[in-house]
Amino acid sequence: MSDGSITAADQFAADTPAANSPHVDAGDAGYSKDLKSRHINMIAIGGAIGTGLFLGAGGRLADAGPSLAIAYAVCGVFAFFVVRALGELILYRPSSGAFVSYAREFMGEKGAFAAGWLYFLNWSTTAIADITAAATYAHFWGMFSDIPQWLLALIALAVVLAANLISVKYFGEMEFWFAIIKVAALVAFMLIGIFLVVTQHPVDGHTPGLSTVSDTGVFPVGALPMLLVIQGVVFAYASVELCGVAAGETENPEKIMPRAINSIMWRVGLFYVGSVVLLALLLPYTAYSGDQSPFVTVMDKLGVPGAAGVMNLVVLTAALSSLNSGLYSTGRILRSMALSGSAPRFTGLMNKGQVPYGGILLTAGFGVLGVGLNYVVPGQAFEIVLNLASIGILGTWGMIMLCSLVFWHRSQNGQVTRPAYRLPWAPYTQIVTLLFLVGVAFLMWWGGGVGRTTVMFLPLIAAALVGGWFLVRGRVHEMARARQDV
């Protein structure tokens, strides 16, 4: 039985000779293979370093203090489990539909429908967070201070959308250089931070060092705030699954992907945990706020002319990079869904550059709604969409681990063969990760405020998914029968 037409199947089989699955997804046909090893490696880095660190770490440091480093370390381990599970599925069968395609194979069309629309919820709201962050960063410079936040958000969306619609090569190049800038800036910041700590050079009249933490303790406001910021920390890791989507437009994914995925773990430890530890050593946690990137705060208080401006440019780049990734990935996911009947037909359309522009434009359309949000409540826009994005992330990660669990179970029955590159300690890793994700949702509710309101939206989200499935199931089954008859 095949899930694609003969044409799609033939093209897909020709494009991915390493695939060992009988499942063929029609959504994988038609793409160019223009992403090289350097693109994938930098996409993996860029996915692990984004707005959640550059902007979100400031407010979380102010709320939880130095214990934030523990939250980043714990969430980083589970993020690695998720991307490693996805990596095993990629080596089993590379697909631009990524986990939506795997959900279709292992959980049926209902599973693919839920996985795809939860991912869309994630990235459509993240796109709003990214343009909000970009507009916030731009206001750092005097020349932009008089321009309304909503207009800056609209400009950011338009620039990245234009680059995404041309070709995957332009996306890859843009993401490559965005990632280079982010990594170079973080390395430079960490070298400066280490120098300041070792030499105990004053920062805004404060002497950095271990005493900065020991004076207040690792948990200056208790352990509870650290637990409550975990949902925001999960948001910081939201893009790690992006390299799985990119695998479908990559030559030799079986060689490139394991290297890129394995490198995520040490990058998480170095860049996330390391930078948060340095921030905690450089200034008291009370010096940071959610209104400004903590990296900009340090550079500003250091008093080096232009340093804060340079760092602000870097964090602006991070926001644009995340937006770039979101438009890219949702375009591919929605096309996979459209060709099975689970998404509007126009999201399956591709342009001459082999870019699924329909899905990209749909995500960008929600970004325009975000421009309106920036107009109505500019001060609350980021926090509102961050919480909604977190629900989408939890759903996406949960679906990846469920697919991995079913895949493992089928391998035990001899129905499929696991590749040499595997998620360690299966099936316990999947079960523990799923319990962690449920725990994060509970913490969102327990913390009250916007988080609790967001969790209370879950029944509405579930109802929308059920209602949406009943609307499209006739078309989905009809298209499935048509593929079987070919």
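Predicted model: local features only at pLDDT ≥ 70, side-chain atom pairs only at ≥ 80, totals over all residues.
1. Overall confidence. The mean pLDDT of the chain is 83. A score of at least 70 is reached by 89% of the residues. Helix H18 (residues 428-446) has the highest confidence, at a mean of 94. Helix H1 (residues 6-15) has the lowest, at 35.

2. Helix H1, with its mean of 35, spans residues 6-15.

3. H5 against H6. Helix H5 covers residues 68-92 and helix H6 covers residues 98-138. Their axes lie 11 Å apart, at an angle of about 75 degrees. Angles of 65 to 115 degrees count as roughly perpendicular, so H5 and H6 are roughly perpendicular to each other.

4. Residues between H5 and H6. From H5 come Leu86, Leu89, Ile90 and Tyr92. They meet Phe99, Tyr102, Glu105 and Phe106 of H6. By class, this contact has seven nonpolar residues, one charged and no polar.

5. H8 against H13. Helix H8 (residues 168-199) packs on helix H13 (residues 253-282) at about 35 degrees. The axes are 10 Å apart. The crossing is left-handed.

6. Residues between H8 and H13. H8 contributes Val183, Leu186, Val187, Phe189, Met190, Gly193, Ile194, Leu196 and Val197. H13 contributes Leu270, Phe271, Gly274, Ser275, Leu278, Leu279, Leu281 and Leu282. The contact divides into 14 nonpolar residues, three polar and no charged.

Definitions and conventions:
Residues numbered from 1 in each chain as written. Heavy atoms only, no water. Axes fitted to C-alpha atoms, helices over the stretch in contact; angles between N-to-C directions. Helix = DSSP H or I, 4+ residues; strand = E, 2+ residues; numbered from the N terminus. Parallel < 35°, antiparallel > 145°, perpendicular 65-115°, else oblique. Contact = heavy atoms within 4.5 Å. Nonpolar A, V, L, I, M, F, W, Y, C, P; charged D, E, K, R; others polar. pLDDT = per-residue confidence, 0-100. Left-handed = near helix turned anticlockwise from the far one by under 90°.
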